[in-house]
Amino acid sequence: MKKYTVLISLLILTAALYGCSDKDSGSLSPESLFSKTCSECHKLKKVEDYSGDMTWSDVLVKMRTERKLEISDESAEIIIGYLNETFPPGE
Ligand code: HEC
């Protein structure tokens, strides 16, 4: 009986820990996180070819507010970092 209690507590603890972790960034690399997140509604090319006035951080705000992109702040930061590095603004 005691064994079961321990086992069940462990299970609950694992579930709780897992529940708190950021599911959509998980252990993906910034690049996979970007391609997974940003190819849902349009081709990645749309992002890669973008040469407008918005910074990547503005683009993320726009996708989140106007286009209803659902993403955690943490994942958004990772993607912004990736984009700034890979497609530096103004180039
Ligand atoms: C929920 C759907 C959705 C997701 C997810 C999404 N976008 Fe968009 N995005 C749109 C729509 C709708 C447009 C405007 C229509 C079009 O140009 O195809 C757009 C347009 C764009 C544009 C062109 C500029 C503009 O506003 O017209 C860029 C750049 C862009 N998205 C970047 C991103 C990035 C980066 C991500 C990932 C973080 C992303 N999008 C994820 C819906 C989305």
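Analyst: Two residues are in contact if their C-beta atoms, placed from the backbone, lie within 7 Å. In the protein chain, 71% of the contacts with a separation of 6 or more are between residues 24 or more positions apart. This is a predicted model, in which local features need pLDDT of at least 70 and side-chain atom pairs count only at pLDDT 80 or more, while totals for chains, interfaces and linings use all residues. Residues are numbered from 1 along each chain as its sequence is written.

User: What does the secondary structure of the protein chain come to?

Analyst: Helices (H or I, at least four residues) and strands (E, at least two) are DSSP runs, numbered from the N terminus. Here the protein chain has five helices and zero strands, in the order α-α-α-α-α along the sequence.

User: How should I read the packing of two helices, and at what angle do α4 and α5 cross?

Analyst: Two packed helices are described by the angle between their axes and the distance between the axes. Axes are lines fitted to C-alpha atoms, for helices over the stretch in contact, and angles run from 0 to 180 degrees between N-to-C directions. Angles under 35 degrees count as roughly parallel, over 145 as roughly antiparallel, 65 to 115 as roughly perpendicular and the rest as oblique. The axes of α4 and α5 (residues 73-86) cross at roughly 140 degrees and come within 9 Å, which makes α4 oblique to α5. From α4, W56, S57 and L60 meet A76, I79, I80, L83 and N84 of α5.

User: Which residues of α2 and α5 make their contact, and how are those two helices oriented?

Analyst: The axes of α2 and α5 also come within 9 Å, crossing at roughly 105 degrees, and the two helices are therefore roughly perpendicular. P30, E31, L33, F34 and T37 of α2 make the contact with S75, I78, I79, G81 and Y82 of α5.

User: Is W56 buried or exposed?

Analyst: A residue is buried if 20 or more other C-beta atoms lie within 10 Å of its own, exposed if 12 or fewer, and partly exposed in between. W56, in helix α4, counts as buried because it has 21 C-beta neighbours inside 10 Å. Beyond its neighbours within four places in sequence, W56 is in contact with I80, L83, N84 and P89. Across the protein chain, 13% of the 91 residues count as buried.

User: Which residues come nearest to the ligand?

Analyst: A residue is near a molecule if its C-beta atom, placed from the backbone, lies within 6 Å of it. There are 17 residues around the ligand, and C38, C41, Y50, R67 and L69 come nearest. At least two residues of the shell come from each of α2 (30-38), α3 (44-48) and α4 (56-65), and α4 has the largest share, with four. For the classes, Ala, Val, Leu, Ile, Met, Phe, Trp, Tyr, Cys and Pro count as nonpolar, Asp, Glu, Lys and Arg as charged, and the others, Gly among them, as polar. The shell has nine nonpolar, three polar and five charged residues.
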